[in-house]
Amino acid sequence: MIADEPGLNVRATIAIGPRVLLSDLSFRIPPGKILTLTGESGAGKSSLIGFICGALDPAFTVQGQVYLNGRCLDPLPIERRRVGVLYQDDLLFAHLSVAENLAFAVPQGISRTERRRRVEAALDEAELSGFGPRDPATLSGGQKARVALMRALLAEPEALLLDEPFSKLDPELRARVREFTFATIRKRGLPTLLVTHHDDDATDDRLHLDGQAVGTGTSRKVS
Amino acid sequence: MRDRLFGAAPTLTLTIFLAPVAIGLIGTLAPAFGFHPALGLTTLSLEPWRQVLDDPALPAALKLSLGVGFGSTIAAVLIAFGLCAGLHHRRGLSRVRALLAPALAFPHAAFAIGLAFLLSPSGWIARAVSPGLTGWTQPPDLLIVNDPHGLALLIALTLKEALFLILMILAALGQVEAEPSLRAARSLGYGPVRAWLIVLAPRVYAQVRLPIYAVLAASLAVVDMALILGPSAPPPLAPLILSWATSFETTDQTKAAAGAVLQLLVVAAAIGLWRSAEILISRLTRTWLTSGHRSGTVDAAVRVIGLIGTALALGLSAASALGLLVWSLARSWSWPFALPTGWSLEAWRVAWPGLLSLATDTVVVALASALIALVLVIACLEAEDARGRPPGRGVTWLLYAPLLLPQIGFLFGIQVLWSALRLDGGLSAVTWTHLLFVLPYVFLALSDPFRALDPRLARTSRSLGASRLATLLQIKLPLLVRPVLTALAIGFAVSVSLYLPTIFAGAGRVETLATEAVALASGGDRRQSGVVAFTQTALPFIVLGLALALPALMARNRQGLRA
């Protein structure tokens, strides 16, 4: 693993008790690229996401490192890693309006006017202008997914982790949200890891985990 | 740094929480064996035990406590399990659930006073059926309340504790995948009640074992309700010990300490006996569980016990609260009229100056102890989240310690601690002592909803740059506002109902509505008693009402927050 290269560099061996989920998995995702991670349930996909973003259950034992644009993330808590995460549920905060959900993500130290401008810009980009005061529960599935993506981006992440973010959407909506998400990610130049079970969602760059298939020394560079 | 602060929360909480209990136990044990330097007793002796064992009231008091303790706990368990088994598949259970919180907020002493108003020979029930059905032209000469066998006390404890156990069972059902298990059993041809009893009852029982032991311990050592509804010659064991502890005879202090240790031993033995019975019943019913019977008369009996018991508990609670209010407003109420013949605010006017001071102290102590408990519990739950695993069984037992130990067993010794710290007789000592009993209930009320909150919400918040503390304050707590406020209200209600802890920690200088209500109950003025007991009842109701109304108000524009 070349830690200094731009993008997301990961090397990991993850085990729970005596069971090794991932053995010496290694890959690099350059800026603007999306690596699709597939595999059976229990193969370690969500554990890998947890490891990269710094939220892995302490019950797991891990050996490895995560470098993001030359920065080692291992000692950092989740909030200082600058890695955005999207799950299959939108996880919009139910007690906040759409605009408040977005404003929550804007980094601190930014003036109120600028925060408002960024929120409005995000709403425009998601084609949700005027939706700011709305209750998140009143949005459609596709609208919620777009708000969740824009919220993640407003935090100015340097990488994104997508844990089956389209799986709860119907096929037509899924295609539209997927296109919007991928285009936005590429425009921002973010290295992105996408976990999915759906072939339709997968990008050309793929890594398949089947528990044992990722053997020692398996390495992948997405170019 | 902040994460480390959360990490220290469980140790800090257990120290604040258990140190007084441990010191209290030592402070009770030492004088029980004759060591009480303040009284000039510096050598160990068995004299206090000889005094206790020689007391002529002891055998009857012990027998009474065991009968009331075991009888009410068995009945409460039967009612609670009967109701949940009988109503699980029906809509009635959600109605009962909605009524539980207000019924549980009813302070024990006020409930006992209200029940005495209902059950006594000149009470509401006798008035309602006299002289038409009974032919009584004057109150009959019957010893219904304060009866020598403690039946009135047994009934009151049964009804009060059954409601608590129903709440505990309903919470436990959420942890045992109840619906899929029931569906599976019913698809195999089992009737709804039988399916519940076979598939869920054993698992639910394991979840509510500690609350059941707490109920047994409380029933064996109850003081406030025993003073109001129980017999006085002799009283049950705990009130007998209290009479020694509050005696002016200095030798009675060591005797009371020995009595408190005896009470501890009685409760420990009773819990051991109960556990043995659990194992025996579990073995005996194993054949029944796999006998293949899909339904039977047992099912109907279980349902009837549950329904009647719960209806009585809820109905008598409501009637008792109403009775307190009516008596407080009665100017004249002669036999056998069902309602006062004259109404007046005179009792409230007379009581007002003292009532205001009592209510203020009660609210200050209750709010302070509930808020401190809430902060500690939230910090502990957040530490648990950071650690990634719940506390072990041992910590749970420690948390329950003040509920499993008879109050008098360690409150006697806590007095010594507060006295050494020069805190005795002050609001801070009373608040700290209340915290020991408030905290377990706040933990019980908040832990499940806190643990059930989708962990990805916090993870998302933190991935957006928010710290653990900011995530807790800005995301988790607003999302959990309903259970947080409900836990606060439950803590408040527990504190308002505490009698014995106030007596001991207050050293007679701090009076609350609970101590005043019990003191007035033995007097003859039902109007004054009604005023104080109704106020004691109203305070937790108001706080609970606010705890339910505020989240609803906050969620009026947020569909996702509505339960």
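First, some conventions. Residues are numbered from 1 along each chain as its sequence is written, and chains are lettered from A and ligands numbered from 1 in the order in which they are written. Because the model is predicted, local features need pLDDT of at least 70 and side-chain atom pairs count only at pLDDT 80 or more, while totals for chains, interfaces and linings use all residues; side-chain values use heavy atoms, with hydrogens and water left out.

Let me start with confidence. pLDDT is the predictor's confidence in each residue, from 0 to 100. Chain A has a mean pLDDT of 88, and 93% of its residues reach 70 or more. Within chain A, confidence is highest in strand 8 (residues 192–195), at 95, and lowest in strand 10 (residues 219–221), at a mean of 47. Helices here are DSSP runs of H or I with at least four residues, and strands are runs of E with at least two, numbered from the N terminus. Over residues 212–219 of chain A, pLDDT stays under 50, and the model has 14 contacts for that stretch beyond four places in sequence; a contact means heavy atoms within 4.5 Å. Where pLDDT is low, the predicted coordinates should not be read in detail.

I turn now to the interface. Of the area that chain B buries against chain A, 30% is supplied by Arg456(B), Leu464(B) and Arg558(B), more than any other three residues.

What polar and charged pairs cross this interface? Four residue pairs are in polar contact, both residues being at pLDDT 80 or more. A polar contact is a pair of N or O atoms within 3.5 Å; within protein, one must be able to donate a hydrogen and the other to accept it, and residues adjacent in sequence count only if both atoms are side-chain atoms.

Glu79(A) and Arg462(B) meet in a salt bridge, at 2.4 Å from N to O.

Next, helix 1 of chain A. Eight of the nine residues of this helix (residues 45–53) are buried, so it is largely enclosed by the rest of the structure. Buried means under 20% relative accessible area, exposed means over 50%, and partly exposed lies in between (1.4 Å probe, protein chains only). Among the buried residues are Lys45(A), Phe51(A) and Cys53(A). Gly54(A) follows the helix, with a positive phi near 90°.

Strand 8 of chain A holds Thr192(A). Is this residue buried or exposed? Thr192(A) counts as buried, at 0% relative accessibility. Its side chain reaches the backbone oxygen of Leu190(A) at 3.2 Å. Leaving aside residues up to four places away in sequence, Thr192(A) touches residues including Ile29(A), Leu160(A) and Ile185(A).

Finally, the salt bridges within chains. Over all chains, the whole structure has 32 salt bridges. In chain A, Arg82(A) pairs with Glu158(A), the closest N and O atoms being 3.6 Å apart. This pair links distant parts of the chain, 76 residues apart. Arg82(A) is partly exposed, at a relative accessible area of 35%. Both residues belong to a network of salt bridges that also includes Arg71(A) and Glu114(A).

In chain B, Glu384(B) and Arg451(B) meet in a salt bridge at 2.6 Å, N to O. Glu384(B) lies in helix 15 and Arg451(B) in helix 18 (residues 427–452), 67 residues apart. Glu384(B) is buried at 8% relative accessibility, whereas Arg451(B) is partly exposed at 37%.

Methods:
Buried area is the accessible area (1.4 Å probe) that two parts lose on being put together, summed over both. A salt bridge is a side-chain nitrogen of Lys or Arg within 4 Å of a carboxyl oxygen of Asp or Glu.
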